[in-house]
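Hello,

Here is the structure I promised to pass on. Please open it alongside this email; my notes follow below.

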Amino acid sequence: MLDDFLIRALLAGIGLAFVTGPAGCFVVWRRLAYFGETIAHSALLGVAFAILLDFSLMIGIFVIASIMVFAVFYLERRDTLPTDTLLGLLAHGGLAFGLVILSFFPNMQLDLHALLFGDILAVSRTDLAVIWIGGGLALVMLRYIWRPLLAATVSTDLATVAKMRPERAQLVFGLLVAAVIAVAIKIVGVLLIVALLVIPAATVRRFASNPEKMAVGAAVAGLIAVTGGLFASAQLDTPSGPSIVVAAIVLFALTRIGRPQKNRR
């Protein structure tokens with residue numbers, strides 16, 4: 001069954017949706033979309049780093065993304081610049097450094113289109129194992145930090161008073177996002193991964209009565225987007241990664257049709 005590249009692509013997308021859905025809820029709740037963009041933009045610098053040291057692109061992306069996470073946390077507490085300004089500096093600085101370093105390898109065979117937009121149809125059995133095993137570990141870690149991270153989302157001061165160590169939970173979540181982005185780059189690419197984190201969570205937000213139900217609903221919405229996007233890609237001969245994101249956008253738009261929901265606390 002796994003010899004069929006469409007089945008492998010579907011399994012990879014489902015595995016990714018199960019992780020990006022719950023993780024994306026915190027991205028939406030904590031307004032971290034630009035933080036996700038910063039980590040994603042550092043992927044090119046991670047690619048250059050991996051090429052220089054001759055090891056896996058996924059490891060290179062994760063290492064550089066993790067450094068970016070630590071840099072954001074450090075500078076937020078040490079610098080007087082606003083957070084969005086710091087993120088802008090790191091995002092564009094990482095992207096620029098990556099492109100400059102890659103320019104020193106003119107004869108290198110690198111599919112920038114696949115890096116930017118993903119190539120889920122090229123997923124191998126090894127990639128599937130990484131996605132599902134890594135995704136399972138990521139969900140276990142997210143479950144471990146769920147309560148302190150949720151408390152910090154409501155009030156960092158109250159979480160600190162309750163001795164939940166919110167700063168540690170936030171740092172672990174940042175590294176978790178870095179790992180998810182490193183794995184997902186091959187599927188949806190640098191430019192689209194944050195969309196997969198944000199859109200499914202935003203889609204189900206108005207329908208969820210509690211955080212746990214929103215996390216499950218976001219995973220289901222991501223699964224629907226992956227399935228619909230791959231089906232549309234196969235039928236219309238369109239790029240698979242962007243098709244998945246378009247399917248997610250269509251699903252989001254459909255949930256916004258009708259009478260708006262009343263505001264709730």
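A crossing of two helices is right-handed if the near helix is turned clockwise from the far one by less than a right angle, and left-handed if anticlockwise. Keep that in mind for the two helix pairs below. Note that this is a predicted model.

Start with H2 and H9. H2 (residues 33-41) passes H9 (residues 166-188) in a right-handed crossing. The two pack at an angle of about 50°, with their axes 10 Å apart. On the H2 side, Phe35, Gly36, Ile39 and Ala40 make the contact. H9 contributes Gly174, Ala178 and Ile181.

Next, H4 (residues 57-78) and H5 (residues 83-102). Their axes are 10 Å apart, at an angle of about 150°. That is over 145 degrees, so H4 and H5 are roughly antiparallel. H4 also passes H5 in a right-handed crossing. Met68, Ala71, Val72, Leu75 and Glu76 of H4 meet Thr83, Leu86, Leu87, Leu90 and Gly94 of H5.

Last, H11. This helix covers residues 211-236 and reaches 36 Å from first C-alpha to last, close to the expected 38 Å. Asparagine 210 caps its N-terminal end, with a side-chain oxygen 3.1 Å from the backbone nitrogen of glutamate 212. After H11 comes aspartate 237, with a positive phi near 55°. Buried residues of H11 include Met214, Gly222, Val226, Leu230 and Ser233. What covers the buried residues of H11 includes helices H1, H7, H10 and H12.

Best wishes

Key. Residues are numbered from 1 along each chain as its sequence is written. This is a predicted model: local features need pLDDT of at least 70, side-chain atom pairs count only at pLDDT 80 or more; totals for chains, interfaces and linings use all residues. Side-chain values use heavy atoms; hydrogens and water are left out. Helices (H or I, at least four residues) and strands (E, at least two) are DSSP runs, numbered from the N terminus. The expected span of a helix is 1.5 Å times one less than its number of residues. Buried means under 20% relative accessible area, exposed over 50%, partly exposed in between (1.4 Å probe, protein chains only). Contact means heavy atoms within 4.5 Å. A polar contact is a pair of N or O atoms within 3.5 Å; within protein, one must be able to donate a hydrogen and the other to accept it, and residues adjacent in sequence count only if both atoms are side-chain atoms. Axes are lines fitted to C-alpha atoms, for helices over the stretch in contact, and angles run from 0 to 180 degrees between N-to-C directions. Angles under 35 degrees count as roughly parallel, over 145 as roughly antiparallel, 65 to 115 as roughly perpendicular and the rest as oblique.
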